[in-house]
Amino acid sequence: MEAIAFYVFAVLITALFLVTVFSKNALYAMSSLAAGMVLISGIFFVLGADFLGAVQLVVYSGAVMALYAFGMMFFDATKDVKEKNPSAKTIFLLSGASAVILVVIFSAPQIGRNIKALVTGTPGADNPHVIGEVLFTKYLIPFEVAAVMLLVAMIAGIILAGKKMDVSLSESEDDLVDEASELKEQK
Amino acid sequence: MSLTLTHYLILSVILFVIGMIGVIRRKNLLMLFFATEIMLNAANVALVALSSYIGDLTGQLFALFIMAIAASEVAVGLGLLILVYKKQGTLDLDNLTLLKG
């Protein structure tokens, strides 16, 4: 049963993310990305990481919805995104890097055969229970740092995007240039 | 045929390579964000699979922190994306030649 679920999820995720990467239509790319994120939470549920599966659903539905909104703002969904074709150098780089990663991934389990579990939490407890237990004891400081980082990112996002939201930056500069040239002409 | 850790790691590497292809191939800034999200998710799959098979919770907690990083990356990245669009009028990466000597 677990195997069937894994193979179904794996094939669907791979296909959807391939669409995301290769599709020329922005709407198709975004939709398949969202569907792939939801299916990855399925993989987490199969692995018994219930809490992370739920967090994946919540976080990525939020993040992807934000991307969705921006995509709708910037692209015409009926038109294709114009992009240049990759050069031969790109293809060489891609194939080389893929080969290296494949070798590392296949050799890593052999190296890590005698790894022992260190952080196990209460045996027999639910997954969210043990996650909370470990998160608020051993990983309390990283947790707080992550909270501060999210706050910093939020403020940075507001500052970057919201600054002079009522006036377009490019337009205001163009106006200044126009005014300057008009002054010159008057002289 | 029962599932082993290698199955999950192979899935993870496939997803990571897809994301990397996207990062190198895409010329549009917003499309590049999608590809980075895919790569972060591939790392998450590997971490959760290792955590689940070894029985150590550290992997799951690191996946949680990666999600936090991904969320803040999207927030800052979209802010920068708006600025680039205001300056350049396009999201094409080939137009970003301001720092070219």
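This is a predicted model: local features need pLDDT of at least 70, side-chain atom pairs count only at pLDDT 80 or more; totals for chains, interfaces and linings use all residues.
Trainee: How many residues of α2(B) are buried, and which residue follows the helix?

Mentor: α2(B) is mostly covered, with 19 of its 26 residues buried. After the helix comes a residue with a positive phi, near 85°. That residue is G55(B).

Trainee: How are helix α6 (residues 140-162) of chain A and helix α3 (residues 58-88) of chain B oriented to each other?

Mentor: Their axes come within 8 Å and cross at roughly 15°. Angles under 35 degrees count as roughly parallel. α6(A) passes α3(B) in a left-handed crossing, and the two helices are therefore roughly parallel.

Trainee: Into which classes do the residues of the contact of α6(A) with α3(B) divide?

Mentor: α6(A) contributes residues including M149(A), L150(A) and G157(A), and α3(B) contributes residues including F65(B), S72(B) and G79(B). By class, the residues of this contact are 18 nonpolar, three polar and no charged.

Trainee: Which element gives the largest share of the side of chain B that touches chain A?

Mentor: The contact takes 63 residues from chain B and 65 residues from chain A. On the side of chain B, the elements that give two or more residues are α1 (5-25), α2 and α3. That side has 43 nonpolar, 13 polar and seven charged residues. The largest share, 23 residues, comes from α3(B).

How values were computed
Residues are numbered from 1 along each chain as its sequence is written. Chains are lettered from A and ligands numbered from 1 in the order in which they are written. A residue is buried if 20 or more other C-beta atoms lie within 10 Å of its own, exposed if 12 or fewer, and partly exposed in between; C-beta atoms are placed from the backbone. Helices (H or I, at least four residues) and strands (E, at least two) are DSSP runs, numbered from the N terminus. Axes are lines fitted to C-alpha atoms, for helices over the stretch in contact, and angles run from 0 to 180 degrees between N-to-C directions. Angles under 35 degrees count as roughly parallel, over 145 as roughly antiparallel, 65 to 115 as roughly perpendicular and the rest as oblique. A crossing is left-handed if the near helix is turned anticlockwise from the far one by less than a right angle, and right-handed if clockwise. Two residues are in contact if their C-beta atoms, placed from the backbone, lie within 7 Å. Ala, Val, Leu, Ile, Met, Phe, Trp, Tyr, Cys and Pro count as nonpolar, Asp, Glu, Lys and Arg as charged, and the others, Gly among them, as polar.
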